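Hello! Here is the structure I promised to hand over to you. Have a look at it first, and then read on for what was found in it.

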Amino acid sequence: MSLTRALYRELVAAARLLDGHASLRALVSTDLRESPLAPGSRTRLPHVDAFNRCLTRYLGGANFYLPDARRPPLLQIVREEFRKPPPAAAGDSDGLDTAFVALRALNNTLAEAKDYELPPTQQSEETHTIGGVQLAENAASGVFLLAHPLLEGIFSRSVVILTEHKPDGSKGYIVNKVMEKPLGRVFQVPPNVLHGRAEFGGQRILTTNFPTADDPSLFVGVDLETAARAIYDETAKQTDLVFMNGVSAWSPGQLERELRQGSWVVVKAPVSLAINAPAELWQDLMRTLGGEYAEMSCMPPMEEE
C-alpha cells in the first residue's frame, strides 16, 4: 500500500469517528489552525494555508463548531480534498503535506476527546427536559444565551439571560452560577434591613428579570433596600427575588460577532427560568434542544488554562 493511500485511509477513519458524535465535533475549533509562515521567515507554506482553508470551510467561518444543517460532514470534506491521484511531479508534495497536517489535527482532537472520556459510553438517566424551549434566530431582549462547551472561566457552561439588546450594546446576567458570600457582604444593604435573612443571599446570588408581554411581573430592579425589606416584611417570598452580583456587557456589535463565531447558542425559553435557576440549567436546556445539542451537553466544564 502506498504512503498516499495509507494516509488517506487514516484521514477517512478519523473523520468517521468525529462524524459519529457531536461531542467530538464540538472540540474542533480555530485553535487547530497552524501558522502559515515558515519558522523564522515570511515565506508562506502552501500546505498549511490549504489546511487552514479546509478548517475554515468546515467551521463555516466561525471559531467554534455548532450544529448547522448546511455544513457537509467531515468525511465529505476529507474525500473532496484528499481523494486525489498522487502528484505528477516528484517535487510537488503540497497535497501530501496538507494531508499530514490534517491528520495530525484530527488525531489531536480524538486524543483530547479520549482525555475527556468522550463520547460517553452511556447517557445519563437523569435527563430533565423543559417545556417552551426552542432555538431563536437572533439575539433579543428576553432570550437566553447558552455558552459553547469550549468557553472557559466564568462562562463555562453558563446560561445568560439577555435583558438589553440595543445598537449601543447588550447586557445580561448569568443565571446558573452561585456565590457563597453572605448577601450583606456582597451588597451594601444595612444590617438592620436584612436581619436574619442574610443567609438567603449567601445561598444564591444570581440574576433577576425584566418586564415582558408574557410575564409583566418579572423585572430588573436596583433598589436593594426595598427588595430586602420585602423579604423581611414577608410581602415577597425569598423565591420571588434573586440578587445578582456583576453583569455581562457587550459593546456595540460585540455580541453579534461572538454569535457569528459560534460562542453562544441563542434560545427562547420561559423567562421564569432565570429565577433560582439550578446549576444544571445549561445541560437541561441543551438536552431539551435535542439532536446534536443533546450530544454536546455531555461535554465536561472547561477549565481556564
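At 4% relative accessibility, Trp264 counts as buried, where buried means under 20% relative accessible area, exposed means over 50%, and partly exposed lies in between (1.4 Å probe, protein chains only). Its ring partner Phe155 is partly exposed, with a relative accessible area of 27%.

Before going further, a word on the source: this is a predicted model, in which local features need pLDDT of at least 70 and side-chain atom pairs count only at pLDDT 80 or more, while totals for chains, interfaces and linings use all residues. Residues are numbered from 1 along each chain as its sequence is written, and side-chain values use heavy atoms, with hydrogens and water left out.

Back to the rings. The structure holds 3 aromatic pairs. Rings of Phe, Tyr and Trp (its six-membered ring) pair if their centres lie within 6.5 Å; planes under 30 degrees apart count as stacked, over 60 as edge-to-face and the rest as tilted. Phe155 and Trp264 form an edge-to-face pair, with 5.4 Å from centre to centre and 90° between the planes. This pair links distant parts of the chain, 109 residues apart: Phe155 is in the loop between strand 2 (144–147) and strand 3 (159–166), and Trp264 is in strand 6 (residues 264–268). Together with Trp250, these two residues are linked by ring pairs into a cluster.

The loop that holds Phe155 is also the place of Arg157. Arg157 has a positive phi of about 55° although it is not a glycine, and at 18% relative accessibility it counts as buried. Most residues other than glycine have a negative phi, and most peptide bonds are trans.

Where else can you find a positive phi in a residue that is not a glycine? Look at Glu117, with a phi of about 60°, in the loop between helix 5 and strand 1. Glu117 is exposed, with a relative accessible area of 65%. In that loop, between helix 5 (94–115) and strand 1 (134–135), you will also find Pro119. A cis peptide bond joins Leu118 and Pro119, with omega at about -10°.

Now for the helices. The protein has 12 helices and 6 strands; helices (H or I, at least four residues) and strands (E, at least two) are DSSP runs, numbered from the N terminus. Helix 3 (residues 46–59) and helix 4 (residues 74–82) pack at an angle of about 145°, with their axes 11 Å apart. Axes here are lines fitted to C-alpha atoms, for helices over the stretch in contact, and angles run from 0 to 180 degrees between N-to-C directions. On the helix 3 side, the contact is made by Cys54, Arg57 and Tyr58, and on the helix 4 side by Leu74, Ile77, Glu80 and Glu81 (contact means heavy atoms within 4.5 Å). The ring of Tyr58 has the charged end of Arg71 sitting over it, 5.6 Å from its centre; this requires NZ of Lys or CZ of Arg within 6 Å of the ring centre and within 35 degrees of the ring normal.

Finally, the whole protein. Of its 305 residues, 45% count as buried. One example is Ile161, with a relative accessible area of 0%, in strand 3. Ile161 and Ala269 are 108 residues apart in sequence and 9.8 Å apart in space, C-alpha to C-alpha. Among contacts with a separation of 6 or more, 71% are between residues 24 or more positions apart.

Enjoy exploring!
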